[in-house]
Amino acid sequence: MQIAKVILPVSKTLAVISVCLVPALVSAKTILILGDSLSAGYGIDAKQGWVHLLQQRLDQQYPKQHKVVNASVSGETTSGALARLPKLLQTYKPEVVVIELGGNDGLRGQPPQMIQKNLVQLVQLSQQQKAHVLLFGMKIPPNYGTSYSKAFENNYKLVSQQYKVKLLPFFLEGVAGQKHLIQNDQIHPNAKAQPLMLNLAYPYIKGAL
């Protein structure tokens, strides 16, 4: 029995080897941050904000694999974001959508049922576009009353459970109430707080990727 020998030209042989050794190119995954002043970097340089720091960390750990789009607006409400989201989804086609909203709704005393309804629609729109959704929770100052505060916080839990969305319970954990981490307005986190906020958010975002 004879075994046929197949001899490839040197150029073709090198081409075959090259194809085997070069890994398949992975298209960059887009992460859309849909938030309010906490993510827009109110009162600080944009490069100090946690969203910019997120892009830097991703670039270090996964070079050229992920693109962060910051669609956050200071003062944004769930209603305002709901009006903007369809175009954002169409434009950027994100693989991951981070919803960091509700704080301004609560501070304005909006009905918890309305806030929940808007959060649901934000999640639904994102999931319909096959995006992996993350929900960042918020808390309201105690002077708004116990019943309102509980109903407000419970919105995030209900939405996350109903739509199987990962929930970061409180995005300002370890920051809120710490004077050295808050700006003079006694509301917004300062530049020192941003790395802490990133450390809270990063495990959830990394898990989604």
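Student: How many residues of the lining of the largest cavity are nonpolar, how many polar and how many charged?
Tutor: The model is a predicted one, and a search of the whole structure finds one cavity of 30 Å³ or more. The residues lining the largest cavity are Ser37, Leu38, Gly41, Tyr42, Ile44, Gln183, His188, Pro189 and Gln194. Gly counts as polar here and Tyr as nonpolar. The lining of the largest cavity therefore divides into four nonpolar, five polar and no charged residues.

Student: How much space lies in the largest cavity?
Tutor: Rolling a probe the size of a water molecule over the atoms shows where empty space is left. For the largest cavity, that space comes to about 30 Å³.

Student: Which residues lie nearest the centre of the largest pocket?
Tutor: The largest pocket holds about 520 Å³ of space. Its lining has 24 residues, which by class are 13 nonpolar, seven polar and four charged. Nearest the centre of the largest pocket are Met138, Lys139, Pro141, Leu172 and Ile187.

Student: Which element gives the largest share of the lining of the largest pocket?
Tutor: The elements that give two or more residues to this lining are α2 (37-40) and α5 (103-107). The largest share is three residues, and the element they come from is α5.

Student: In what order do the elements of the protein run from the N terminus?
Tutor: The protein has eight helices and five strands. From the N terminus on, their order is α-β-α-α-β-α-β-α-α-β-α-β-α.

Student: What percentage of the contacts between residues at least 6 apart in sequence join residues at least 24 apart?
Tutor: The protein has 209 residues, of which 43% count as buried. Among contacts between residues at least 6 apart in sequence, the share that joins residues at least 24 apart is 77%.

Student: Why is the pair of Trp50 and Phe171 called edge-to-face, rather than stacked or tilted?
Tutor: A search of the whole structure finds five aromatic pairs. The rings of Trp50 and Phe171 have centres 5.3 Å apart, within the limit of 6.5 Å for a pair. Their planes stand at 70 degrees, and over 60 degrees the pair counts as edge-to-face.

Student: How many residues apart in the chain are Trp50 and Phe171?
Tutor: Trp50 is in helix α3 (residues 50-61), while Phe171 is in the loop between β5 (166-168) and α8 (194-208). Both Trp50 and Phe171 are buried. Their pair links distant parts of the chain, with a separation of 121 residues.

Student: About how many helical turns separate Phe152 and Tyr156?
Tutor: Phe152 and Tyr156 form an edge-to-face pair, 5.6 Å centre to centre with 75 degrees between the planes. Phe152 is buried at a relative accessible area of 0%, and Tyr156 is buried at 2%. Both lie in helix α7 (residues 146-162), four residues apart, so their separation is about one helical turn.

Student: Over the face of which residue does Arg57 lie?
Tutor: The distance from Arg57 to the ring centre is 4.9 Å. The ring belongs to Tyr202.

Student: Is Thr30 buried or exposed?
Tutor: Thr30 is found in strand β1 (residues 29-35). Leaving aside neighbours within four places in sequence, its contacts are Lys67, Val69, Tyr92, Pro94, Glu95 and Val96. The relative accessible area of Thr30 is 11%, under the 20% cut-off, so Thr30 counts as buried.

Student: How far apart in space are Asn190 and Gly41, C-alpha to C-alpha?
Tutor: Asn190 lies in the loop between β5 and α8 and is buried at 15% relative accessibility. Not counting residues up to four places away in sequence, Asn190 touches Ile44, His180, Leu181, Ile182 and Gln183. Asn190 and Gly41 are 149 residues apart in sequence, but in space their C-alpha distance is 8.7 Å.

Student: Is Lys130 buried or exposed?
Tutor: Lys130 is in the loop between α6 (112-128) and β4 (132-136). Its phi is positive, about 65 degrees, although Lys130 is not a glycine. With a relative accessible area of 75%, over the 50% cut-off, Lys130 counts as exposed.

Note on methods: Residues numbered from 1 in each chain as written. Predicted model: local features only at pLDDT ≥ 70, side-chain atom pairs only at ≥ 80, totals over all residues. Heavy atoms only, no water. Phe/Tyr/Trp six-rings, centres within 6.5 Å; stacked < 30°, edge-to-face > 60°. Buried < 20%, exposed > 50% of the residue type's maximum accessible area, 1.4 Å probe, protein only. Lys NZ or Arg CZ within 6 Å of the ring centre and 35° of its normal. 1 Å grid on protein atoms, 1.4 Å probe; cavity = no way out; pocket = protein on both sides within 12 Å on 5 of 7 lines; lining within 4 Å. Points joined across faces, edges and corners; volume = space filled by probe spheres on them. Contact = heavy atoms within 4.5 Å.
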